[in-house]
Amino acid sequence: MPSSKQILPNGKLPKMPSTRVSTMNAPTVVDHGAGPVETLWCARDVAEFLNVSQATLSRWRREKIGPPFLRVGGVSRYTPATVRAWVTEQENDRG
């Protein structure tokens, strides 16, 4: 049970800092013995890269207008090279 020093005056526990590690700075290609495999980005990484909210990225997935993505175990993942290519395509389309 938390001590009274850990409980805030409003009766709630303090928020713990996130332990999530961004994959954006991970090596682009990793060799796991089966040949080189590019590290996939999660939605948070792509949203940060594109400077949009995760909600916007989710809407783009629903409307099929955002960068191509994969489903890995029911979770959306993105190939960094594909996201970059999509950005380039958007730039070219807008001329």
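Is Y78 buried or exposed, and what is the relative accessible area of Y78? Select Y78: Y78 is buried, at 0% relative accessible area. Here buried means under 20%, exposed over 50% and partly exposed in between, with a 1.4 Å probe and protein chains only.

Before moving on, note that this is a predicted model, in which local features need pLDDT of at least 70, side-chain atom pairs count only at pLDDT 80 or more, and totals for chains, interfaces and linings use all residues. Residues are numbered from 1 along each chain as its sequence is written, and side-chain values use heavy atoms, with hydrogens and water left out.

**Stop 1: aromatic pairs**

The structure holds three aromatic pairs. Select W41 and F49. Their rings form a tilted pair, 5.1 Å centre to centre with 50° between the planes. Rings of Phe, Tyr and Trp (its six-membered ring) pair if their centres lie within 6.5 Å; planes under 30 degrees apart are stacked, over 60 edge-to-face, and the rest tilted. W41 is buried at 2% relative accessible area, whereas F49 is partly exposed at 32%.

F69 is partly exposed at 30%.

**Stop 2: R61 over the ring**

Keep F69 and show R61. The charged end of R61 sits over the F69 ring, 6.0 Å from its centre. The criterion is NZ of Lys or CZ of Arg within 6 Å of the ring centre and within 35 degrees of the ring normal.

**Stop 3: S76**

S76 belongs to strand β5, residues 75–78. Helices (H or I, at least four residues) and strands (E, at least two) are DSSP runs, numbered from the N terminus. S76 is buried, at 7% relative accessibility.

Which side chains does the S76 side chain meet in polar contacts? One is R61, at 3.3 Å. Another is R71, at 3.2 Å. A polar contact is a pair of N or O atoms within 3.5 Å; within protein, one must be able to donate a hydrogen and the other to accept it, and residues adjacent in sequence count only if both atoms are side-chain atoms.

Leaving out residues up to four places away in sequence, S76 touches W41, C42, A43, R61, F69, L70 and R71. Contact means heavy atoms within 4.5 Å.

**Stop 4: positive phi**

Go to N51, in the loop between α1 (43–50) and α2 (54–63). N51 is not a glycine, yet has a positive phi of about 60°. N51 is exposed at 71%.

Finish at K64, in the loop between α2 and β4 (70–72). Phi of K64, also a non-glycine residue, is positive, near 55°. K64 is exposed at 73%.
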